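Dear colleague,

I am passing a structure on to you below, and after it I have written out what was found when we went through it. Please keep the structure open beside this message as you read.

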Amino acid sequence: MAGRRSLGRRFGWLWGAYAVSTAGTWLAFDAFALIAVLALDAGPAQVSLLAAVGPAVGAAVSVPLGPWVEVRRKRPVMMATDLVRCAVLLSIPVAFALGRLSFGQLLLVSVTVAAADITFNAAAGAFLKDLLPRQDLLVANGRFEATTWTASMVGPPLGGAAISLFGPVTTVVADAVSYLLSAAGIRAIGDAEQHPARPEPAVTRARDLLEGWRHILADPALRPLFLNTLLVNSLIMAASPPLLILMVDDLHFAPWQYALAFAVPCTGGLLGSRLAPRLVARHGRHRVLVTAGALRACWPIGLAFTGPGTPGLVLVMLVEFGLITCCAVYNPVLATQRLDRTPAGRVTRTLAAWSATGKATTATTTALWGVLAARTGPRTAIVLAGALLLVTPLLLPRRRDGATEAGDEPASVAVRSDGG
């Protein structure tokens with residue numbers, strides 16, 4: 001089967017590096033917020049500031065790095081960003097042990113990690129496109145997606161237990177070590193990467209900073225997908241804090257029940273990521289993108305009907321399972337479409353622009369929804385986010401672009417090309 005065949009030793013090291021760093025990230029899920037509350041006695045305003053400012057400023061900082069990374073070998077950049085993340089994260093337990101940890105340091109580390117995340121992911125996308133032939137990209141992205149959902153299912157409960165047993169900075173140490181191991185894995189890939197051609201002039205110009213956005217907005221297939229993804233992701237994430245308040249504060253679910261309500265549905269991520277290559281082979285990439293993209297917008301409105309007790313818990317699990325399954329089908333197909341439609345000399349800038357805009361939009365929308373929930377109540381905020389999501393399928397591309405896309409060929413051809 002296409003999902004189980006080997007993509008080569010070099011991809012195996014890349015996948016392993018991704019797996020270990022993703023496991024560390026999810027093990028340390030919400031670690032900064034927990035440290036702020038448990039170690040620094042931070043209030044709700046400071047926690048919200050930490051959640052919003054770090055990703056937003058990190059996104060802005062990463063923008064000028066895109067053109068710089070574009071003309072350099074991607075593997076050393078990936079290793080360097082891993083080592084930067086390891087170093088800044090380790091500064092937290094060191095400061096904590098010395099009694100010098102401050103909220104300002106948490107903010108600075110959050111910004112640095114967010115900028116390094118965007119830079120790493122942009123470089124990794126370009127590296128993957130050069131590493132594998134075109135027909136293997138969907139299988140590779142499906143494996144990354146499955147890894148992400150596995151880590152998100154297992155990591156937060158283990159991280160919560162580790163914090164309870166060993167203290168608030170424990171998971172930050174584990175996350176730092178995961179980036180060190182990731183750098184070692186990327187180094188083991190081997191140095192067969194070609195030097196990208198240097199543009200003339202070599203100095204980064206203002207227009208180079210906008211090249212990623214220009215490519216996205218000029219492409220008739222990427223533009224609607226970009227706008228749809230921005231709106232869907234930001235609305236889904238914006239509804240998460242109100243849902244937490246609704247379940248834990250208003251409906252009196254225990255914290256472990258809240259965690260369980262989101263850990264169990266992550267099995268849908270494994271299912272969706274496994275289904276994605278098969279669905280594309282059978283129905284074509286465009287149809288899968290539009291169908292899965294529309295279906296993922298239909299689930300969150302159901303969270304507005306969450307009630308107390310077991311029925312409410314089961315309802316959240318069912319809604320999240322449906323949402324995650326659809327997202328896990330959509331995400332690797334979108335990632336493949338994005339790589340396929342972006343020329344090699346623009347991949348890093350395009351992915352950096354996409355990711356930076358997504359982080360900034362999500363941070364802004366989350367902050368706005370926090371104000372809305374405070375004024376109208378969490379259930380109203382959830383209803384509004386769900387209602388707006390129902391409109392987002394209108395932003396999906398209505399038809400295929402003129403040129404035939406990989407994955408839109410008949411099923412028999414798609415299976416043959418994927419099977420080598």
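Which residues of the largest nonpolar core touch the most other members? Before the answer, please keep in mind that this is a predicted model. The largest nonpolar core has 30 residues, and those that touch the most other members are F11, L14, M78, L128, L132 and I186. Two or more residues of this core come from each of helix 1 (9-27), helix 5 (74-97), helix 6 (103-131), helix 7 (137-166) and helix 17 (347-376), and it is helix 6 that gives the most, with 9 residues. As general background, nonpolar side chains in soluble globular proteins tend to be buried together.

Next comes a pair of helices. The axes of helix 10 (residues 211-218) and helix 17 come within 7 Å and cross at roughly 85 degrees, and the two helices are therefore roughly perpendicular to each other. On the side of helix 10 the contact is made by E211, G212, W213, H215 and I216, and on the side of helix 17 by R349, T350, A353, W354 and T357; sorted by class, this contact has 4 nonpolar, 4 polar and 2 charged residues.

Finally, here are two single residues, one after the other. N228 lies in helix 11 (residues 222-238) and counts as buried because its relative accessibility is 0%; leaving aside neighbours within four places in sequence, N228 is in contact with R296, Y330, T392, P393, L395 and L396. F305, by contrast, is exposed, with a relative accessible area of 63%, and its place is in the loop between helix 15 (285-295) and helix 16 (309-340). Not counting residues up to four places away in sequence, F305 touches L315 and R379, while the C-alpha atoms of F305 and V316, which are 11 residues apart along the chain, are separated by 9.0 Å.

With best wishes

Terms used. Residues numbered from 1 in each chain as written. Predicted model: local features only at pLDDT ≥ 70, side-chain atom pairs only at ≥ 80, totals over all residues. Heavy atoms only, no water. Core = buried A, V, L, I, M, F, W, Y, C linked by side-chain atoms within 4.5 Å. Buried < 20%, exposed > 50% of the residue type's maximum accessible area, 1.4 Å probe, protein only. Helix = DSSP H or I, 4+ residues; strand = E, 2+ residues; numbered from the N terminus. Axes fitted to C-alpha atoms, helices over the stretch in contact; angles between N-to-C directions. Parallel < 35°, antiparallel > 145°, perpendicular 65-115°, else oblique. Contact = heavy atoms within 4.5 Å. Nonpolar A, V, L, I, M, F, W, Y, C, P; charged D, E, K, R; others polar.
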